[in-house]
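Please look through the structure below before reading the numbered points. They cover rings, pockets, a few side chains and some backbone details.

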Amino acid sequence: MIVVAGEALIDLVPQGTGALAGLQPALGGGPYNTAVALGRLGSPTAFCSRTSRDAFGDALLDGLRKADVDVSAVQRGAEPTTLAVATIDAHGSAAYSFYVEGTADRLFAAPPALPTGTRAVSFGTCSLVLEPGATAYESLMRTAAAQGVFTALDPNIRAGLIPDADAYRARFRGWLPSVSLLKLSEEDAEWLGGSPREWLAAGPGAVVITRGGAGLTAFTKDGAEYSVPGAKVEVVDTIGAGDTVNAALLHGLTVLDAVSAEGIAALDGDGWTRLLDFAARAAAITCSRAGAEPPYAREVGEI
């Protein structure tokens, strides 16, 4: 079982250009997209979050169930669902404005225990910024790591939600001893400061940096570096691409029996190349269609 912990929200995606273009609601949120992608790839997956009892909240849970994701660990609340208004540029890249005050996912409380059989837990995005939920997710991360559970982190920076950048950067560095796999984009890496080697020295067994269409690079504790190019595709938009990478990496590590500190340390160049190529192919498929629509296993092929 892979558990994905974090927010589920509604993306409002423009259907044209200009500030008054019509908005199409879509299921979203970085962790939510990761959970759906894992389910579609065939990994036993559970979602750990707090969602509203409103119609959007019901739709979010229905989307998870359709992807065969276990929702028994999802808390419910009367507060509204978080909304993210997307803006798509000429290259298909998305930027977001968030409506988060008083929303359900901010009130997440750390559960007393993870689901039975949990091998890995994935964290990231808004859920590690917005209090009081951020502290609860951080507590869950530290507890899972202390219990020997494999932990994955994708900061997926949304700068507009971070009131104190330096404080967040310090907090990020404080998470690293509890992180097994750190994945982040080039843009996130630049915003956070530091380098893969510095982050590896603080705790993670590997760091994976995504470079958009240029591909992915993995850095490992033994000083190795492995890169693959991006898969060529006509980009519709990039919504959910990084979340698909998260899911593909975790699914692939499970297939390669490397979801542990020992397993990721033992992964050789061939293993890393296969894993990164699988993630690149999966992300390319997501980019080829509108919104966060990650692929099914049959579309990506074998690792």
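Is Y168 buried or exposed? At 5% relative accessibility, Y168 counts as buried, where buried means under 20% relative accessible area, exposed over 50% and partly exposed in between, with a 1.4 Å probe and protein chains only.

1. Basis of the note. The model is predicted, and local features need pLDDT of at least 70, side-chain atom pairs count only at pLDDT 80 or more, and totals for chains, interfaces and linings use all residues. Residues are numbered from 1 along each chain as its sequence is written, and side-chain values use heavy atoms, with hydrogens and water left out.

2. A stacked ring pair. The whole structure holds 5 aromatic pairs. Rings of Phe, Tyr and Trp (its six-membered ring) pair if their centres lie within 6.5 Å; planes under 30 degrees apart count as stacked, over 60 as edge-to-face and the rest as tilted. One of the pairs is F108 with Y137, which is stacked, at 4.0 Å centre to centre and 5° between the planes. F108 lies in the loop between β9 (94–99) and β10 (120–124) and Y137 in helix α3 (residues 133–146), so this pair ties together parts that are 29 residues apart in sequence. Helices (H or I, at least four residues) and strands (E, at least two) are DSSP runs, numbered from the N terminus. F108 is buried at 3% relative accessibility, and Y137 is buried at 2%.

3. An edge-to-face pair. The ring centres of Y168 and W191 are 6.0 Å apart and the planes are at 65°, so the pair is edge-to-face. Y168 belongs to helix α4 (residues 165–175) and W191 to helix α5 (residues 186–192), so the pair ties together parts that are 23 residues apart in sequence. W191 counts as partly exposed, at 21% relative accessibility. Ring pairs link Y168, W175 and W191 into a cluster.

4. Charges over rings. R169 lies over the face of W191, 4.2 Å from the ring centre. R298 is placed over the face of Y296, at 4.8 Å from the ring centre. The criterion is that NZ of Lys or CZ of Arg is within 6 Å of the ring centre and within 35 degrees of the ring normal.

5. The largest pocket. Rolling a probe the size of a water molecule over the atoms shows where empty space is left. On a 1 Å grid over the protein atoms alone, a pocket is an open set of points where a 1.4 Å probe fits, with protein on both sides within 12 Å along at least five of seven lines; lining residues have an atom within 4 Å of a point. The largest pocket has a volume of about 1,200 Å³, a volume being the space filled by probe spheres set on the points, which are joined across faces, edges and corners. It is lined by 49 residues, and the closest to its centre are S185, E187, T238, A241 and G242. Elements giving two or more residues to this lining include β2 (9–14), α1 (30–41) and α9 (269–287). By class, the lining of the largest pocket has 21 nonpolar, 17 polar and 11 charged residues. Here Ala, Val, Leu, Ile, Met, Phe, Trp, Tyr, Cys and Pro count as nonpolar, Asp, Glu, Lys and Arg as charged, and the others, Gly among them, as polar.

6. The second largest pocket. Its volume is about 390 Å³. Of its 23 lining residues, A26, L27, G291, A292 and E293 are the closest to its centre. The elements that give two or more residues to this lining are β3 (23–28), α1 and α2 (55–66).

7. R50 lies in strand β5 (residues 50–52) and is buried, with a relative accessible area of 13%. A polar contact of 2.7 Å joins the side chains of R50 and E79; such a contact is a pair of N or O atoms within 3.5 Å, and within protein one must be able to donate a hydrogen and the other to accept it, while residues adjacent in sequence count only if both atoms are side-chain atoms. A polar atom of the R50 side chain also lies 3.1 Å from the backbone oxygen of A104. K183, in strand β12, is buried at 5% relative accessibility. The backbone oxygen of G242 lies 3.3 Å from a polar atom of the K183 side chain.

8. Backbone details. Most residues other than glycine have a negative phi, and most peptide bonds are trans. The bond from E131 to P132 is cis, with omega near 5°. N156 has a positive phi, near 45°, and is buried at 13% relative accessible area. D257 has a positive phi of about 55° and is exposed, at 56%.
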